[in-house]
Amino acid sequence: MSKRLTALLIAAMSLTLSMTATAAELDPKALQAQVADAERAFAKSMADRDHVAFSGFLSDEAVFFGGGKVLHGKAQVAAGWKGFFEGAAAPFSWEPQSVEVLASGTLAHSSGPVRDPAGKIVATFNSVWRQEAPGVWKVVFDKGNPVCDCTKP
C-alpha cells in the first residue's frame with residue numbers, strides 16, 4: 001500500500017471517529033435545557049419590553065405566522081412585532097411547556113401556553129429553533145394557535 005493511500009485511510013478513519021465522538025457527546029437533556037432557556041429568555045424580552053433583545057433571538061431566515069399573514073426574514077418579523085412592544089405592559093406572555101431536540105442537535109421544537117395580561121391561556125405557540133453556533137439557538141419558525149373557548153355554544 002502506498003504512503004498516500006495509507007495517509008488517506010488514516011485521515012478518513014480519524015474523521016469518522018471524531019464525528020462519532022461528537023455525536024456521542026450530544027446530551028439530549030442538556031440541549032432541551034438550552035432551548036427551554038432560550039425560549040424563556042425570548043419571552044422575557046417581551047415582558048421587559050426589549051424589542052432589541054427580541055430581535056436577537058430571530059434567525060435571519062425566520063418565518064412567523066400570525067394575524068392572517070406570514071412574515072419572512074428577521075427584519076420583517078422584527079418590524080411586524082414592534083407594535084407588541086409599545087406600551088408599559090406586555091399584551092401577552094408565553095412559556096415553554098415542551099421541548100424536543102433532534103438527535104443531531106441542530107433543530108428543536110418548543111411549544112406552550114400563551115397568556116393574556118390577566119394570566120388566562122388564550123393560545124398555544126409552536127416554535128422551531130435552529131442551533132446556529134454552539135449553544136446559540138435562534139427561532140426559525142413560529143406559529144400561535146388560539147385556544148378553543150369550548151364553553152360557548
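A nonpolar core is a set of buried Ala, Val, Leu, Ile, Met, Phe, Trp, Tyr and Cys residues joined through side-chain atoms within 4.5 Å. In this predicted model, the largest such core has 28 residues.

**Fold and confidence**

- Read from the N terminus, the order of elements in the protein chain is α-α-α-β-β-α-β-β-β-β-β.
- The protein chain has 153 residues, and buried residues make up 31% of them.
- Among contacts with a separation of 6 or more, 45% join residues 24 or more positions apart.
- Mean pLDDT for the protein chain is 88, with 82% of residues at 70 or more.
- Residues 16-24 have pLDDT below 50, and this stretch makes zero contacts in the model beyond near neighbours in sequence.

**Largest nonpolar core**

- The members that touch the most other members are Phe42, Leu58, Phe64, Trp81, Trp94, Trp129 and Trp137.
- Two or more residues come from each of α2, β1, α4, β4 (98-101), β5 (107-115), β6 and β7.
- The element that gives the most to this core is α2, with seven residues.
- Leaving aside residues up to four places away in sequence, Trp94 touches Glu39, Phe42, Ala43, Met46, Pro113, Val114 and Phe125. One of these, Phe42, is also listed with Trp94 among the core members that touch the most others.

**Largest pocket**

- The lining of the largest pocket consists of 20 residues, and Phe65, Gly66, Trp81, Asp142 and Gly144 are the ones nearest the pocket centre.
- Elements that give two or more residues to this lining are α2 (28-47), β1 (58-66), β2 (69-72), α4 (74-81), β6 (121-133) and β7 (136-146).
- By class, 11 lining residues are nonpolar, six are polar and three are charged.

**Arg49**

- Arg49 lies in the loop between α2 and α3 (51-56).
- The phi of Arg49 is near 65 degrees, a positive value in a residue other than glycine. Most residues other than glycine have a negative phi.
- Arg49 counts as buried because its relative accessible area is 17%, and the cut-off for buried is under 20%.

Definitions and conventions
Residues numbered from 1 in each chain as written. Predicted model: local features only at pLDDT ≥ 70, side-chain atom pairs only at ≥ 80, totals over all residues. Heavy atoms only, no water. 1 Å grid on protein atoms, 1.4 Å probe; cavity = no way out; pocket = protein on both sides within 12 Å on 5 of 7 lines; lining within 4 Å. Helix = DSSP H or I, 4+ residues; strand = E, 2+ residues; numbered from the N terminus. Nonpolar A, V, L, I, M, F, W, Y, C, P; charged D, E, K, R; others polar. Buried < 20%, exposed > 50% of the residue type's maximum accessible area, 1.4 Å probe, protein only. Contact = heavy atoms within 4.5 Å. pLDDT = per-residue confidence, 0-100.
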